[in-house]
Amino acid sequence: MGFQNEKKMKILCLHGFRTSGSFLKKQLSKWDPSIFHQFHLEFPDGIFPAKGKSDIEGIFPPPYFEWFQYNEGATLSALLIGYQIQKKVLKEHPPMKLLVSISGTKFRDPTICEVAYKDIIKVKSVHFIGAKDWLRLPSEELATAFDNPLIIRHPQGHTVPRLDEEATEKLRAWATEIIECNSKVLEKEEAKVNEEKKPEMPDKIDKQEQTAASSFNQRATEIIKEAKVDEEKKQEMAEKTI
């Protein structure tokens, strides 16, 4: 899931079932670091301790965690984005701007799906779908819930895949496009704020200045008239003298 912080866009990286934030961080270290170097990645642990055997025991050290006692991070991420758009959660939080789904699926409860996926989710998304993943078809279904999703297929199973050169370039271009779009939005917002901070110029001159200007114009007119009369008198006297 993507958020915006003061310097970089933030990606909240939610791990899989009965694993941990540290394990997901290690998995993503297989990817070219240039892909997400313009983002700030955070890897929190699930809110519940694992209540059963973990598939990564013997591969990565405990502790292990769960999301809502059964749910995977990618599934939860997509759910939260849908719920936020429908104004069911995170109402005061800035809108989430992206989703990276690795073997993610729709939530299983039909009543929740009716809300979260009621409308096409217009958030930038990329979906990694493995040919040997036992959740391949549900992952395909989740991708259809998003507007113009990027789908990256790989020959592996239910895992964070190693990326070949083609997949790396696709993902890097996708991430770069998001950064560029977000920068344009921020520039417009900054320009708007700066415009609002400009002191308002009065449409009309202050009343005192108006009065002073009126008096000056009136006196100037009188002086011009007096000068004209004097000139006429001088001319008249000159003609009589002749």
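Me: Helices (H or I, at least four residues) and strands (E, at least two) are DSSP runs, numbered from the N terminus. With that settled, where does serine 103 sit?
Reply: This is a predicted model, and in it serine 103 falls in the loop between β6 and α3 (110-116).

Me: How do you know whether serine 103 is buried or exposed?
Reply: Buried means under 20% relative accessible area. Serine 103 comes in at 3%, so it counts as buried.

Me: And what makes its backbone worth a look?
Reply: Most residues other than glycine have a negative phi. Serine 103 isn't a glycine, yet its phi is positive, about 65°.

Me: What joins proline 62 and proline 63?
Reply: A cis peptide bond, with omega about 10°. Most peptide bonds are trans. Proline 63 is in the loop between β4 (48-49) and β5 (65-66).

Me: What makes Phe39 stand out in the largest nonpolar core?
Reply: Phe39 is one of the residues touching the most other members of that 23-residue core, along with Trp31, Phe36 and others. Contact means heavy atoms within 4.5 Å. Beyond its neighbours within four places in sequence, phenylalanine 39 has contacts that include Leu98, Ala175 and Ile178.

Me: Which element gives this core its largest share?
Reply: That's α5, with six residues.

Key:
Residues are numbered from 1 along each chain as its sequence is written. This is a predicted model: local features need pLDDT of at least 70, side-chain atom pairs count only at pLDDT 80 or more; totals for chains, interfaces and linings use all residues. Side-chain values use heavy atoms; hydrogens and water are left out. A nonpolar core is a set of buried Ala, Val, Leu, Ile, Met, Phe, Trp, Tyr and Cys residues joined through side-chain atoms within 4.5 Å. Buried means under 20% relative accessible area, exposed over 50%, partly exposed in between (1.4 Å probe, protein chains only).
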